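Dear colleague,

Please find the structure below, handed over for your own work. A short account of the findings comes after it.

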Amino acid sequence: MKIWHSYGSEHSMDLVLIGKFETVSGAEAAIERMEALKALAKIERSDDDWRRRDERMPDPLVDELRRLKLYELGRSDVDIYAFDHSVQRDGSTIRVWTEESEVQGFLKVLLHLGARVEVFSRHDWNEDGTPRKAEGD
């Protein structure tokens, strides 16, 4: 019998990250990086990574981050791209939707490429910037 000695939570943050770039090419570069990171995360991450004791990055991961010129990303920043999320570009604006509370990997890419970033929970806010009314209000 295994006994769980930790805590857990449902992934229900319902976060939105909005990155606004000065140019469309900046937003396109962010999309390219995020797509590459998603593919890389699926290759590098396995179902038993929660047991991983060695936090060092394997050479292929380091090489790919170097190729993408994302020097500030660590292994956990890449891992987040393996979880369910969606990314959409509209002109020079990128929106990322995720249920995860760990969003540093997304933030680092957006900020690295020069975005102004807004982060909010759709539990409390609508995407037009207005507060979401609680049921019964």
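Predicted model: local features only at pLDDT ≥ 70, side-chain atom pairs only at ≥ 80, totals over all residues.

Residues are numbered from 1 along each chain as its sequence is written, and side-chain values use heavy atoms, with hydrogens and water left out. Helices (H or I, at least four residues) and strands (E, at least two) are DSSP runs, numbered from the N terminus.

Helix α2 spans residues 59-67, and its buried residues are Leu61, Glu64 and Leu65. Buried means under 20% relative accessible area and exposed over 50%, with a 1.4 Å probe and protein chains only. These three residues lie on the same side of α2 because they cover an arc of only 100° around the axis, the arc being that of the directions from the helix axis to the C-beta atoms. The exposed residues Asp59, Pro60 and Arg67 sit on the face turned away from that buried side. Among the elements covering the buried residues are α1 (24-44) and α3 (75-79), where contact means heavy atoms within 4.5 Å. After α2 comes Lys69, which has a positive phi, near 60°.

In strand β1 (residues 15-20), five of the six residues are buried. Strands pair if DSSP finds at least two bridges between them. Six bridges join β1 to the antiparallel strand β3 (residues 93-98), with Ile18 opposite Arg95. Six bridges also join β1 to β4 (residues 116-121), again antiparallel, and here Lys20 stands opposite Arg116.

With kind regards
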